[in-house]
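Welcome! Take a moment to turn the model around, and then read on for a short tour of its helices and pockets.

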Amino acid sequence: MGNMTEESMQIARLISTAVSLLLLVLSFTKPILSRVLFSILFLWAAFTNAYTAIDHQRVYLEYADLTPIAIYRNFILGFFSEHIRLFVLPIAFAQCLASIFILYKGALMKLAMIGAILFLLAIAPLGIGSGFPSSVIMAIAIFILLRKKDAQQNIFLMLREKFSNKK
């Protein structure tokens, strides 16, 4: 955000919406690829949030101006503003775990996906600051992946088998 103009924010919103729509389509057509892309996205978000929380934590206060929801704005400018790292670093850690466990199968995968859905819906009220409506579209895409039985393989094992058979 920082020095983003209204035009650059709109471009960012269009890009995030396009990416979320692509992830939604892939959740139906190429669910394994969609899971890999969500894993990459959550890993990127984890590192971005950790770096920002450590070195540029005041950036998060700009979300207060972007949310149309008063309770979010008041929270950001209140308690959150005094404890940014306390909130953001555990979120970054959870995003990192989600990026790994989205690639597993079974209970860990389901927990990671449910956590990802809840996180994406929780940030939606930040408005354009969360790339709205992309966070809601991505939550729907992950929900679809969670419901698809043919999309629940362990991707780590799939990759190991694929590359070990090539020798």
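## Confidence

In the protein, confidence is highest in α5, at a mean of 97, and lowest in helix α8 (residues 155-164), at 83. These values are pLDDT, the predictor's confidence in each residue, from 0 to 100. The mean pLDDT of the protein is 91, with 96% of its residues reaching 70 or more. Helices are DSSP runs (H or I, at least four residues), numbered from the N terminus.

This is a predicted model, in which local features need pLDDT of at least 70 and side-chain atom pairs count only at pLDDT 80 or more, while totals for chains, interfaces and linings use all residues. Residues are numbered from 1 along each chain as its sequence is written, and side-chain values use heavy atoms, leaving out hydrogens and water.

## Two helix pairs

Two packed helices are described by the angle between their axes and the distance between the axes. Here axes are lines fitted to C-alpha atoms, for helices over the stretch in contact, and angles run from 0 to 180 degrees between N-to-C directions. Helix α4 (residues 70-82) packs against helix α5 (residues 84-101) at an angle of about 85°, with their axes 5 Å apart. The two are therefore roughly perpendicular to each other (65 to 115 degrees). Phe75, Phe79, Phe80, Ser81 and Glu82 in α4 meet Ile84, Phe87 and Val88 in α5, where contact means heavy atoms within 4.5 Å. These residues comprise six nonpolar, one polar and one charged. Ala, Val, Leu, Ile, Met, Phe, Trp, Tyr, Cys and Pro count as nonpolar, Asp, Glu, Lys and Arg as charged, and the others, Gly among them, as polar.

How do α1 and α2 cross? Their axes come within 6 Å, at roughly 140°. The helices α1 and α2 are therefore oblique to each other. On the α1 side, the contact is made by Leu23, Leu26, Ser27, Phe28 and Thr29, and on the α2 side by Pro31, Leu33, Ser34, Leu37, Phe38 and Leu41. By class, this contact has eight nonpolar, three polar and no charged residues.

## The largest pocket

A pocket is an open set of points, on a 1 Å grid over the protein atoms alone, where a 1.4 Å probe fits, with protein on both sides within 12 Å along at least five of seven lines; lining residues have an atom within 4 Å of a point. The largest pocket holds about 1300 Å³ of space, a volume being the space filled by probe spheres set on the points. Its lining has 39 residues, and Asn49, Tyr63, Ile123, Gly129 and Ser130 lie nearest its centre. Helix α2 gives the largest share of this lining, seven residues. By class, the lining has 28 nonpolar, 10 polar and one charged residues.

## A cis proline

Most peptide bonds are trans. The bond from Phe132 to Pro133, however, is cis, with omega near 15°. Look for Pro133 in the loop between α6 (107-123) and α7 (134-147).

Terms used. Parallel < 35°, antiparallel > 145°, perpendicular 65-115°, else oblique.
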